[in-house]
Amino acid sequence: MRTMTRIATALALTAASLASTGLLAAEARYNQIALRAEVNQEVAHDLMHVTLYTEAQHSDPAKLAAEITTTLNKTLEQVRQVKGVAVKLGSRHSYPVYDDKGQKITAWRERAEVRLESADFARLSALTGELLQSMKMAGMDFSIASDTRKTREDAMLKDAVNAFKARAQLATEALGGKGYKLVSLNLNTGGFQPPMPMRNFEAKGMAMMDAAPTPQIEAGTSQVTVSADGVIEVQMP
């Protein structure tokens, strides 16, 4: 019986201890403020992306596929001879062409893409001009390389933390506190890339396509952001 009494007493003390801990945890939530601070930086694009395509139509789908494949292979061979330019095949699809009544298939049309990427804008621009003699322009855009973005974000982390500290101090002073404790802090990275205007090569006429001019480059910038989201506990006098 004494043993059972001791166990019951121990359980009661443990429950009381847990209840006390719970009360302390609840009390620790007083005077807590959620804050956010962020730093932004414009970073120049250092990667150029070009998407070219070839499109053809034929009554024989097998011959059509062979024609598209031949054009793609020639394009790939030409690109591989240029150092510093990465190449990969993009989407490729075919679809039937119907007569005026929409009942009978009269031909097949196929389109295939080639995607190029390089940090050497001048080299890729010149290559694009050459390829436009046999291919058509589908799109051109620019981005920040992964290594470049990471380097910039790492350099901005300290600035984001300092900005959070400054805001935490302002909030503490506004509430009349004597100081604050950091409860939690999350650092997040992101950014915004403005849409790059595309030049419409086809709208200027086939003469321009035949001449295959070298596209002008305006790489632009993207905004890289590092934010600090956290919670502080203001200590009141």
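Select Ile232 and show its contacts (heavy atoms within 4.5 Å). Leaving aside neighbours within four places in sequence, Ile232 touches Asn31, Gln32, Ile33, Leu35, Phe164, Ala168, Thr172, Tyr180, Lys181, Leu182 and Val183. Ile232 sits in strand β7, residues 221-235. Its relative accessibility is 0%, so Ile232 counts as buried. Buried means under 20% relative accessible area, exposed over 50%, and partly exposed in between, with a 1.4 Å probe and protein chains only.

A word on the model: it is predicted, local features need pLDDT of at least 70, side-chain atom pairs count only at pLDDT 80 or more, and totals for chains, interfaces and linings use all residues. Residues are numbered from 1 along each chain as its sequence is written, and side-chain values use heavy atoms, with hydrogens and water left out.

**Zoom out.** Colour the protein chain by element. There are five helices and seven strands. Helices (H or I, at least four residues) and strands (E, at least two) are DSSP runs, numbered from the N terminus. Their order from the N terminus is α-β-β-α-β-β-α-β-α-β-α-β. The chain has 237 residues, and 30% of them count as buried. Of the contacts with a separation of 6 or more, 83% join residues 24 or more positions apart.

**His45.** Go to the loop between β1 (32-44) and β2, where His45 is found. His45 has a relative accessible area of 5%, so this residue is buried.

**The largest nonpolar core.** Such a core is a set of buried Ala, Val, Leu, Ile, Met, Phe, Trp, Tyr and Cys residues joined through side-chain atoms within 4.5 Å. Select Met48, Val50, Leu52 and Leu116: of the 23 residues in the largest core, these touch the most other members. β2, α2, β4, α3 and β5 each supply at least two residues of this core. The largest share, five residues, comes from α2. Apart from this core lies another, of 16 residues, including Leu35, Val224, Val226 and Ala228.

Stay on Met48. Beyond neighbours within four places, Met48 is in contact with Leu116, Glu117, Ser118, Phe121, Leu124, Ser125, Met140, Asp141, Phe142 and Ile217.

**Helix α3.** Select residues 121-131. Buried here are Phe121, Leu124, Ser125, Leu127, Thr128, Gly129 and Leu131. Their cover includes β2 (47-58), α2 (61-80), β4 (105-118) and β5 (136-143).

**The α2–α3 crossing.** Show both helices. Their axes come within 11 Å and cross at roughly 150 degrees. Axes are lines fitted to C-alpha atoms, for helices over the stretch in contact, and angles run from 0 to 180 degrees between N-to-C directions. α2 and α3 are therefore roughly antiparallel (an angle over 145 degrees). Select Thr75, Gln78 and Val79 in α2; they meet Leu127, Glu130 and Leu131 in α3. By class, this contact has three nonpolar, two polar and one charged residues.

**Lys74.** Finish on α2, where Lys74 is placed. With a relative accessible area of 57%, Lys74 is exposed. Its C-alpha atom is 9.4 Å from that of Ser134, 60 residues apart along the chain.

How values were computed
Angles under 35 degrees count as roughly parallel, over 145 as roughly antiparallel, 65 to 115 as roughly perpendicular and the rest as oblique. Ala, Val, Leu, Ile, Met, Phe, Trp, Tyr, Cys and Pro count as nonpolar, Asp, Glu, Lys and Arg as charged, and the others, Gly among them, as polar.
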